Amino acid sequence: MPAFEVRRTAVIPAAPEEIFPLVNNFHEWTAWSPWETIDPGMSRRYFGSEAGEGAGYEWSGNRKAGSGTMEITESVPASLIRIRLHFTRPFKALNPTTFSFTPVDTGTEVTWRMTGENKGLGRVFALFMDMDKLVGADYERGLAALASTVAARKG
């Protein structure tokens, strides 16, 4: 059982096939990720596959952006993406993250979920900070930006 879970869901008025590629390719995250604007000087490096399983992204930024890597460990077209999210700064943490895409009458229900354990400095941090409150608003902004990005690309 994970020590914490952050989960947000939004219905985006588009087919899963239109939304999925924006999450399945880290190069696309600059268009919608809520963290891309935290540090304008943030360094990014892409590695592995272009998209899908094996695609990787490494970032290093200011104190607020921190640093770490993300790697897609599973990619089921227009359905599910699993990401190994590894923070290295401000503290080390491994947070499995998933995106699921479920067709609904009005579009696609996109669920963004992160789980984690509270170990080491993370345990101390968790005593003072609620991860859902800390990250949940970012997820909400990210899902809204994802919806706007999809709408803009649809023309």
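Start by selecting β4 (67-76) and β5 (80-89): the two form a hairpin with 3 residues between them, and alanine 78 in the turn has a positive phi of about 55°. Strands here, like helices, are DSSP runs numbered from the N terminus (E, at least two residues, for strands; H or I, at least four, for helices). You are looking at a predicted model, in which local features need pLDDT of at least 70 and side-chain atom pairs pLDDT 80 or more, while totals for chains, interfaces and linings use all residues. Residues are numbered from 1 along each chain as its sequence is written, and side-chain values use heavy atoms, leaving out hydrogens and water.

β4 and β5 pair in the antiparallel sense over 9 bridges; pairing requires at least two DSSP bridges between two strands. Pick valine 76 and you will find its bridge partner, leucine 80, in β5.

Now zoom out to the whole chain. There are 3 helices and 7 strands, in the order β-α-β-β-β-β-β-β-α-α from the N terminus. Of the 155 residues, 41% count as buried (under 20% relative accessible area; exposed is over 50%, partly exposed in between; 1.4 Å probe, protein chains only).

Then select Phe99 and Leu146, the residues with the most contacts inside the largest nonpolar core, which has 31 residues. Such a core is a set of buried Ala, Val, Leu, Ile, Met, Phe, Trp, Tyr and Cys residues joined through side-chain atoms within 4.5 Å. The largest share, 5 residues, comes from α3. Around Phe99, show its contacts (heavy atoms within 4.5 Å): leaving aside residues up to four places away in sequence, they include Trp29, Trp32, Ile83 and Trp112.

Finish with the rings. Trp35 and Trp112 form an edge-to-face pair, 5.6 Å centre to centre with 80° between the planes; six-membered rings are used for Trp, Phe, Tyr and Trp rings pair if their centres lie within 6.5 Å, and planes under 30 degrees apart are stacked, over 60 edge-to-face, the rest tilted. Trp35 lies in the loop between α1 and β2 and Trp112 in strand β7, so the pair ties together parts 77 residues apart in sequence. Trp35 is partly exposed at 28%, whereas Trp112 is buried at 2%. Both belong to one aromatic cluster, alongside residues including Phe26, Tyr57 and Phe99.
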